[in-house]
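Please look over the sequence and the structure shown below before reading on.

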Amino acid sequence: MEQAALTLKSLLTNNKENLLTKWFHLVLETYPKETARHFGNQKSQFGNPVGHNIFEGLNGIYDELSQDMNEDRMFKALDRILRITAVQDISPSQAVSFLFLLKRVVREGLAEELRKGKVLQELLDYEDKIDQSILLAFNIYLECRETIYKMRLHEVKTRCDILERINQYNN
Amino acid sequence: MAKLPKTDELLRINFQPPKTGWQETPVDFKPGTWLYAGKAESLETLGLANPRQWSPEDEDWKLPENWKEIILEGLRERLGKFRSLQLFMDTCVRCGACADKCHFYLGSGDPKNMPVLRAELLRSVYRKDFTTAGKIFGKFAGARELTPAVLKEWFYYFFQCTECRRCSVFCPYGIDTAEITMIGRELLNLVGLNIDWVVTPVANCYKKGNHLGIQPHGLVDSFEMLTDDIADITGVQLDLSFNRKGAEVLFIPPSGDVFADPGTHSLMGQLMLLHEIGLDYTLSTYASEGGNFGLFTSHEMMKRLNSKMYAEAKRLGVKWILGGECGHMWRVINQYMDTMNGPTDFLELPVSPITGTRFENTKSTKMVHITEFTADLIQNNKIKLDPSRNDKHIVTYHDSCNPARAMGLLEEPRYILKNVCNNFYEMPDETIREKTFCCGGGAGLGADENMEMRMRGGLPRANAVKYVHEKHGVNMLSCVCAIDRAVLPPLMHYWVPDVNVCGVHELVGNALVMKGEKKREESLRFEPIGTEEDNDV
């Protein structure tokens, strides 16, 4: 019975608050200090859209990885974060780096329990799922960037159309 | 063969931002964050300093040799001229109340987008050259030397502020950071540093009367296209007049609405309304621009472009002026026009000929906002409306920064919306009215090359729209600003793809029951009228 209680799944569920908070703060550390402090303040979802969406996104990702992953829900949770990081002043690798941090959080946060229990296989499976989500994140990131480029192109085309019409009128 | 990074190099990700202080962290001009430089020919048209070909990416910005002297002398002159600037330079206690109120900071996390730090970019130079403490203690007193790197930083961040004034709402001292940006831009202009998305529209406006550079005959043609569309949709033919002397009212919309969707639909709604009530008004091909990008250049340029409104009103002999759905136009009109180009002793206090209402609030400017005018018509039951024609729209309202914060236009658009559509929901309190979040593209930043920056700046607005979209199914974001109508559609496309954007008077035009109209089957967008369910059948 005691062994059963020590599955990785139950460890992740029981320690969710602690691990999620650690993960959230590690992610925020990628921002300048003053900004990390502000983004970490969860008082207002409208006054702090980046912090709020990152937290809710991480929360969703954490749940999906802890359970049987639902791809649609996972996509939405990842999109919530990547749509933001895709337009911020960071490199593509930094934009998806928050998922790598989860490995560190789980390994360090559950170090003792992981050593005691027989959950190596489960941990490897879990980390495989994180890797899968990183691949998905890469797709989402690129899709966001492509959307930006398409929007730029659309604006340029619209402006050309308008200028063409103005030239016609002016002749 | 190109040198490929090794696996461990690829995996070495630096999670930490630079450790240097803000004064020592130089600007990196990455694509997507800055705007193209002003074209030399536009600068020449306007008589602006240092016309040349250059790019913010270049190492050498081809500044005049004595650029530093010019900037410092310019600052000295403005400190003497504008008492507000002197106060803003001296009074900030860095309490931080403004820090997390700027949409660019909230979206980017870049500390130099905090209004306090944006102002500090200028203030640090002010301290160094204009205060005793700064002269003696230098960096310890928050002072720093004006160098080319500092100038580049000014350019980067003063053209990353939309002058929306949200931060000033929260400042306990009333420091208006938008005015600091305005002065910053004025100083940059003295040495030829400006952006093309501002300077070329200003040159067009100066030469041809509107930002788009449409000549008089072109303008008449484009208005006729709108009246043709109205005739197709309603069966009613409008007869517009241009430059007509002796008309009672001069109507000045922003030129963006003449050409770009969805602004055109909103302008159609306004023209239909004015026709329906039989207002004796004229349009002008000379004062053919309500907007004023001069505001984003310098006080002198703003005055120069604005002057045509009164000049034309005087020439045509109208009694008062009616203005269209525009944003910054109303800041210029409400806060500066009277003192810049007044007094308007040749105009009368605006009185609605339909309702008899005296617009006492416009006593000094003699210029009425179209939503004030329309709200008054509705309140006095002078127009017939069928709000069910807008039933497929679940509407929210974005307070455009300038009408909301610079003229307190908060209730009239809402009153209209509640009368022309059946589904209206407000966004959360902290994101509307005087606390409204900017679209991210105001003050000349609505270009395409800075799209990434626009998405950052627009995130807080989009985040609130997303909330009402998910909670109430909102699918239409209405506004009263031409720049909003250009900038919000891509913002929605990126953050909340199922939400469209419209002007308030587009919905008025849809709902307006006109005398002699045919059965309305299409909206002003030529889309089937009615609910989504009706259209599915």
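Among contacts in chain A between residues at least 6 apart in sequence, what percentage join residues at least 24 apart? The share is 70%, where two residues are in contact if their C-beta atoms, placed from the backbone, lie within 7 Å.

This is a predicted model, in which local features need pLDDT of at least 70 and side-chain atom pairs count only at pLDDT 80 or more, while totals for chains, interfaces and linings use all residues. Residues are numbered from 1 along each chain as its sequence is written, and chains are lettered from A and ligands numbered from 1 in the order in which they are written.

**Chain A**

Chain A holds nine helices and zero strands, with helices (H or I, at least four residues) and strands (E, at least two) taken as DSSP runs numbered from the N terminus. The overall values for chain A are set out here.

| Property of chain A | Value |
|---|---|
| Radius of gyration, over C-alpha atoms | 21 Å |
| Span of the C-alpha trace along the principal axes | about 85 × 30 × 25 Å |
| Residues that count as buried, of 171 residues | 32% |

For comparison, a compact globule of 171 residues would have a radius of gyration near 16 Å, by the rule of 2.2 Å times the number of residues to the power 0.38. A residue is called buried if 20 or more other C-beta atoms, placed from the backbone, lie within 10 Å of its own.

**The contact between the chains**

Chain B brings 38 residues to the contact, and chain A brings 32 residues. On the side of chain B that touches chain A, helices H5 (103-108), H12 (216-234), H20 (451-472) and H21 (482-495) of chain B each supply at least two residues, and H20(B) gives the most, with eight residues.

Helix H20 of chain B is also the place of B:Met451, a residue that is buried because 27 other C-beta atoms lie within 10 Å. Leaving aside neighbours within four places in sequence, B:Met451 is in contact with A:Ile148, A:Met151, A:Arg152 and B:Gly32.

**The sheet in chain B**

Four strands of chain B form an open sheet in the order S2-S1-S3-S4, with parallel pairing; two strands pair if DSSP finds at least two bridges between them. Strands S2 (281-282) and S4 (367-369) of chain B stand at the edges, and each has a single partner strand, so one side of each is left without a neighbour in the sheet. Strand S3 (residues 320-323) of chain B pairs with S4(B) in the parallel sense over three bridges, and B:Gly323 stands opposite B:His369 in S4(B).

Terms used:
Buried ≥ 20, exposed ≤ 12 C-beta atoms within 10 Å, placed from the backbone.
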